[in-house]
Amino acid sequence: MSSTNAASAPNEDNQIAENEEIDVETLQKPNANLVRARPKLRAIERVPVEIWSMVFEQYVLLDCRVANLLLVCRLWRGIGEQTPRLWRRMLLSADAIPPSLRAGSVHACGEIETVERIRKRAGASLLELTLVLGPNEEQSPSPLVRATLFQSVTHHVLPRVTFLCIIVNPKMSLDLMQESLQGVFSGTLEALESLMIASAHPIGNLYGPLDPVIQMINASSLRLRSIYLENVNRDFITKVSALDLWTRACRITIRNEFDALDATTFERCTRLEFLSFSGELAYADTNHSRKVDYTNLKWFKVGLISMGTLNKLKLNNLHSLVIDCIQTDYPNPSPAPHSIVIPELKVLHLATVSPTAAAMAAPKIETVCLNIPTLKSTDADSVIRELLSGAEGMLKPKHLTITAPVHDKHLLNALRHLPDLISLQLDHQVPFSKMFFREMTPAVSLSRSRALFGRGKKTTKPPLLPKLRALVLDLHKIPTDNLQLDSVKSTIRTMIASRKNSEGYDPLLRVACKWEQGQPNEEFIYPMMCLTCIETHIANEAHNTSAQPT
């Protein structure tokens, strides 16, 4: 290891010892405050060591630095060094270790002596191991130095590793990787539960240097449940998906925006419950009548997908769906509106500028977060009209969030089809008219109506969203002067009071507005209630109503 790298990775124990010497000298000085603190130290000493070990283990679960514990006092340092689980997270790198990898409870090791010390303190506990390759720079060590450092751990502890992470930093060639991992992986990874392979940049043929460890995992890691792949190409994923280890995974995360994957890639994963893929998911099977069965999938996130591809997936147990972008089906026709039924879906996060998203139907939907990233109100209006058209099978959530430059006329028409809506959050990018608040305000006298909303016909329609309990408006993108601001605030307060005193309408429990970027929301109802508190309040109301004698 070069002198530069050695300087960037100082000995952690030496740092602790120096701090302890400073603390001891301070304690030896006569100080009334320290004298008064001595009984507290004796109380600490009376706590059983086993209790402190349990506390320290919980501390590590919060991913906090172990060195901070050891700096408190000699007692805590002694207990910490004898608590194996505090030393189970090891990161090995013969190259310079950036501060981002030194964060948390991980123990960064750049020398064999440090590795031996940490491994000794870990004892027989299960381990989490991270191997870092590169970056390849002028002062970087030779591949032999890297391989020797890695072997100082892998030749002893591989059967006890539950988490294995391999990070490939920039400028690492395939030959350097091959030599740096030569002879590192031998034996078994029988305790492995989670595998992570992350490359700083996409590298072609990355599978070759990693083939020994992947084959070892395939043969021995029967407990594998989680796979995370970042910046690996389609060929890498195709080869891994053909192995038995792919079928063991319950959780798969792939971060790769450059290559499209076929939906059949995950068909063999019968245990899969969580799938996150940041790229495009496509369907290339010529047999268009065959559907890909994602049997147990409950949480699904995809970067890009068409409604035609989504229609080819069987998602009978899906609970949450996140789509970052919807691709058009051109030149193929799009599925009919509300024809893609996802029977158990409760949460939908959707970003789209395409009205084809209306093909989805979810009879048990509870929460919809809709983002329409367009500058044209006409495009946003078109999406809203199709998604919330009032037709049979339309999404009817209880909680709705919309981020879009939609005209409030089309927004009001859409909201009329959601009489059971409980919470509404709008990130509005075009000015509201007073009609928006008038529609949600119970009928008032003609003179009062003219005073609030201006002259015109008195509305005879029932107010919008009679069961609404929470309304949050983000208006910071709309330019407004103080006079308009005061008028809007007055209108909102009138709406709150009117709904509270009108029979047939549930009173609002939270109304908030954001006027300026970087400023907190202005709350109109106190005490402020979060959505969970509102749902609890509604449940209690229903219980009290049912408990009342008829």
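The crossing of α11 and α12 is right-handed in this predicted model. The axes of α11 and helix α12 (residues 234–241) come within 12 Å and cross at roughly 20°. The two helices therefore count as roughly parallel, the limit for that class being under 35 degrees. On the α11 side, the contact is made by Y207, L210 and I214. On the α12 side, it is made by F236, K239 and V240.

The loops around these two helices hold three residues of note. N205 sits in the loop between β5 (194–199) and α11. Its phi is positive, about 60°, although N205 is not a glycine. N231 lies in the loop between β6 and α12. N231 also is not a glycine, and its phi is positive, at about 60°. Most residues other than glycine have a negative phi.

S221 is buried, with a relative accessible area of 0%. A polar atom of the S221 side chain lies 2.8 Å from the backbone oxygen of L189. L189 is also among the contacts of S221 beyond its neighbours within four places in sequence.

Helix α8 (residues 112–122) packs on helix α9 (residues 143–157) at an angle of about 20°. Their axes are 9 Å apart. At that angle α8 is roughly parallel to α9, because the class covers angles under 35 degrees. The crossing of α8 and α9 is right-handed. From α8, the contact draws on I112, V115, E116 and R119. From α9, it draws on T148, L149, S152, V153, H156 and V157.

A third pair has another geometry. The axes of helix α4 (residues 49–61) and helix α6 (residues 74–81) come within 10 Å. They cross at roughly 75°. This angle falls between 65 and 115 degrees, so α4 is roughly perpendicular to α6.

Strand β3 (residues 127–133) is mostly covered, and seven of its seven residues are buried. L127, L129, L131 and L133 point one way from the strand. E128, T130 and V132 point the other way. Residues on both faces of β3 are buried. β3 pairs with two strands. Strand β1 (residues 89–92) runs parallel to β3 and is joined to it by four bridges. Within this pairing, M90 stands opposite L129. Strand β4 (residues 161–168) pairs with β3 in the parallel sense over seven bridges. Here V132 stands opposite I167 of β4.

Two cis peptide bonds are described here. One joins Y330 and P331, with omega about 5°. P331 lies in the loop between β14 (326–327) and β15 (340–341). Another joins Y526 and P527, with omega about -5°. P527 is found in the loop between β23 (522–523) and α20 (531–547). Most peptide bonds are trans.

A further loop residue is E392, placed between α15 (377–387) and β19 (399–404). E392 has a relative accessible area of 79% and is therefore exposed. The C-alpha atoms of E392 and P337 are 9.5 Å apart in space. In sequence, these two residues are 55 residues apart.

At the level of the whole protein chain, there are 20 helices and 23 strands. The chain has 550 residues, and buried residues make up 45% of them. Contacts between residues at least 6 apart in sequence were also classed by separation. Of these, 65% join residues at least 24 apart.

Note on methods
Residues numbered from 1 in each chain as written. Predicted model: local features only at pLDDT ≥ 70, side-chain atom pairs only at ≥ 80, totals over all residues. Heavy atoms only, no water. Buried < 20%, exposed > 50% of the residue type's maximum accessible area, 1.4 Å probe, protein only. Polar contact = N/O pair within 3.5 Å; in protein donor to acceptor, adjacent residues only side chain to side chain. Contact = heavy atoms within 4.5 Å. Pairing = 2+ DSSP bridges. Axes fitted to C-alpha atoms, helices over the stretch in contact; angles between N-to-C directions. Parallel < 35°, antiparallel > 145°, perpendicular 65-115°, else oblique. Left-handed = near helix turned anticlockwise from the far one by under 90°.
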